[in-house]
Amino acid sequence: MVPVRLTGPRLAVREFHQSPEDVDALHAVFGDPEATRYLAFEPRDHEDCADQIAQYLEEAEKEDRTVYRLAVTRLADADDPARAVPVGNAALGLGPHRAAHLGYALRRDVWGRGYAGEVVALLRDLAFGPLGLHRLQARVDVDNAASIRVLTRAGFRLEGRVRHDYRRRDGWRDAYQYALLADDGSAGGAGQGG
């Protein structure tokens with residue numbers, strides 16, 4: 001495995017570690033009903049988060065890696081991002097035709113600081129740079145105004161509404177489909193905001 005290490009102005013993105021700190025950090029996001037409110041799954045317990053990280057590391061070891069599930073850390077939290085406790089996660093799921101799905105989730109106490117925009121910019125640069133992709137797409141719950149703003153500021157364009165995209169306990173949820181192409185004028189922009 002060639003570990004992913006990305007650095008932005010305030011954040012770093014790295015592989016998860018199978019450590020109590022990283023499991024606790026993932027649970028702080030995925031176990032929080034408010035942080036998972038617009039995600040396609042219900043809040044997860046601590047054991048599920050430990051299992052998720054084990055799966056992330058398995059996926060990272062594959063020769064033809066198609067999934068990147070990465071820890072988001074703040075540069076100010078440690079001298080070395082590899083030792084910083086994550087404040088969220090970021091994901092790229094590669095598909096056919098040089099395309100990928102992008103996703104992210106942050107711990108609730110770091111919302112509103114522009115970190116989501118920085119995460120999107122880092123993933124975009126990984127996708128259109130070293131991975132040589134042509135298209136990034138993201139689906140966002142139609143009620144998730146904050147993520148809609150993040151994607152729009154990053155240059156993603158609305159392609160349409162996906163009806164009954166996923167099911168939660170409260171019923172079926174619709175999502176908006178956004179996409180950014182490598183040759184879009186904004187694809188190389190700063191992507192800050194959100």
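This is a predicted model: local features need pLDDT of at least 70, side-chain atom pairs count only at pLDDT 80 or more; totals for chains, interfaces and linings use all residues.

Entry 1. I checked another helix. Helix α2 covers residues 46-61 and lies across β2 (11-15), β3 (67-74) and β4 (88-95). I noted an angle of about 120° between α2 and β3.

Entry 2. Next I asked: in what order do the strands of the open sheet stand? I read β1-β2-β3-β4-β5-β6-β8-β7, which makes 8 strands with mixed pairing. I found β1 (5-7) and β7 (157-168) at the edges. Each has a single partner strand, so one side of each has no neighbour in the sheet. On average, neighbouring strands are turned by 25° against each other, direction ignored.

Entry 3. β7 pairs with β8 (171-181) in the antiparallel sense, over 8 bridges. Here I saw L158 opposite Y178 in β8.

Entry 4. β1 and β2 run antiparallel and are joined by 3 bridges. They form a hairpin, with 3 residues between them. L6 stands opposite V13 in β2.

Entry 5. I stayed with β2. This strand also pairs with β3, antiparallel, over 5 bridges. E15 stands opposite L70 in β3. Is β2 buried or exposed? I counted 5 of its 5 residues as buried, so β2 is largely enclosed by the rest of the structure.

Definitions and conventions. Residues are numbered from 1 along each chain as its sequence is written. Side-chain values use heavy atoms; hydrogens and water are left out. Two strands pair if DSSP finds at least two bridges between them. Helices (H or I, at least four residues) and strands (E, at least two) are DSSP runs, numbered from the N terminus. Axes are lines fitted to C-alpha atoms, for helices over the stretch in contact, and angles run from 0 to 180 degrees between N-to-C directions. Contact means heavy atoms within 4.5 Å. Buried means under 20% relative accessible area, exposed over 50%, partly exposed in between (1.4 Å probe, protein chains only).
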